[in-house]
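Hi everyone, thanks for making time this morning. I'd like to walk you through one model, so please have a look at the screen.

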Amino acid sequence: MTTLSSAGTTATERDIAAAEAHSAHNYHPLPVVIASAEGAWMTDVEGRRYLDMLAGYSALNFGHGHPRLIAAAKAQLDRVTLTSRAFHHDRFAAFCTELAELCGMEMVLPMNTGAEAVETAIKTARKWGYKVKGVPDGKATIVVAADNFHGRTTTIVSFSTDPEARADFGPYTPGFTVVPYGDLAALDAAVDENTVAVLLEPIQGEAGVLVPPPGYLTGVRQLTADRGVLFIADEIQSGLGRTGRTFACEHEGVVPDMYVLGKALGGGVVPVSAVVSSREVLGVFRPGEHGSTFGGNPLACAVGLEVLAMLRTGEYQQRATALGDHLHAELRSLTATGAVTAVRGRGLWAGLDVNPALGTGRTISEHLLTRGLLVKDTHGSTIRLAPPLVITEDDLDWGVARLREVLLP
Ligand SMILES: Cc1ncc(COP(=O)(O)O)c(C=O)c1O
């Protein structure tokens, strides 16, 4: 009898069998085992190459192994990697100052993962509500949108509307009100004197790259300002160049009270996240009230600083705009054929609803894999595309050609 770890005949099959035997099944990866990657391309354990049109859910906006990011990480590895926040280190001030500047804000609270940054935003908003707004203790509420995705902690899944993400993880954290995304009247009705914040993705990524109706973000900005409520923009996936702007909120000329950032802030090299806001808001914290052993560590700050320098050039935002226009024009032509029923998105970010008669998002993704294109499905028959912003137009066209092969056989 073959043991699980040696089951299968190819290196790919053996690796997958071993992973399935010894890791929790909280993911359902496509059957490919990556061994190396560069730019927009990945190579598997058997030497096959794939175009990466997921980019680590936008953590890899600058592609795999960007020389500037790798050099920054290597230089810092030789100096100091971790001090904890018990001591100062010489990368911290520059990182916080430059990130605050990029955001047009005053203060930064660095964490590691996106979910931690969202948790930090929630704690910040509640504390601001009690200390600054004067909400009675324990009464603060935060309004969120249906179909949101903000991470996986017990508090965050408490206000998820996705049964898969939420079921069986109660008891749930109270203090959240869910309203339909894109509906200003519902938001207006949900805000009351105890509301401390409205927490939204400016474009809902996991929901299928849902762009809100024009005027929505402006309306949210106006409403929250009028009612003395913080507008928290979760730009963990939409931010840092993906949509053609540094922040997706910019498409409506909106500046929120707080940005929540992650993913690409660590350049796909290390987990780096942050909450960025005003002194009035982030100034509520006192020593001991919040923290993280790894948050703002020297390696994270060194890589983050390089990411910020790259974003300041504007090159990646421009690429996302130009290549995004090209991608969306190509994708729209697929809707004319009936193979794709809807295309949404901005910049180098797209959600395609595939005609269910052609298969599920998962089966389509598997077919694309066999042709060397890596994408990820979400919610039934939606496929999302988020190639690294360093992808060339030729490679993008190559990827679209593979999509055509699978969707228009
Ligand atoms: C908008 C948004 N917020 C938060 C998160 C959670 O980030 P992380 O997986 O780093 O905890 C994600 C991850 O996909 C996200 O897309």
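This is a predicted model: local features need pLDDT of at least 70, side-chain atom pairs count only at pLDDT 80 or more; totals for chains, interfaces and linings use all residues.

Residues are numbered from 1 along each chain as its sequence is written, and side-chain values use heavy atoms, with hydrogens and water left out.

Let's begin with the domains. The chain splits into domain 1 (11–65 + 315–407) and domain 2 (67–312), with bounds that come from an automatic or database domain assignment. Their contact, meaning heavy atoms within 4.5 Å, takes 28 residues from domain 1 and 30 residues from domain 2. The C-alpha centres of the two domains are 26 Å apart. Together, domain 1 and domain 2 bury about 2,500 Å², 58% of it on carbon and sulfur atoms; buried area here is the accessible area (1.4 Å probe) that two parts lose on being put together, summed over both.

How many salt bridges cross the interface of domain 1 and domain 2? The rule finds one, where a salt bridge is a side-chain nitrogen of Lys or Arg within 4 Å of a carboxyl oxygen of Asp or Glu.

The structure as a whole holds 16 salt bridges. One of them pairs Arg-68 with Glu-306, with the closest N and O atoms 2.8 Å apart. Arg-68 sits in helix H3 (residues 67–77) and Glu-306 in helix H11 (residues 298–312), so this pair ties together parts that are 238 residues apart in sequence. For the element names, helices (H or I, at least four residues) and strands (E, at least two) are DSSP runs, numbered from the N terminus. Glu-206 and Arg-384 also form a salt bridge, with their closest N and O atoms 2.8 Å apart.

We use a 1 Å grid over the protein atoms alone: a cavity is a set of points where a 1.4 Å probe fits but cannot get out, a pocket is an open set with protein on both sides within 12 Å along at least five of seven lines, and lining residues have an atom within 4 Å of a point. Grid points are joined across faces, edges and corners, and a volume is the space filled by probe spheres set on the points.

The second largest pocket holds about 460 Å³ of space. Its lining has 20 residues, with Arg-85, Phe-92, Val-108, Leu-109 and Pro-110 nearest the centre. Which element gives the most to that lining? Strand E4 does, with five residues.

The structure has one cavity of 30 Å³ or more, and residues lining the largest cavity include Asn-148, Phe-149 and His-150.

Finally, the backbone. Most residues other than glycine have a negative phi, and most peptide bonds are trans. The bond from Gly-170 to Pro-171 is cis, with omega near 0 degrees, and Pro-171 lies in the loop between helix H7 (163–166) and strand E6 (176–179). Tyr-57, in helix H2 (residues 55–58), has a positive phi, near 55 degrees.
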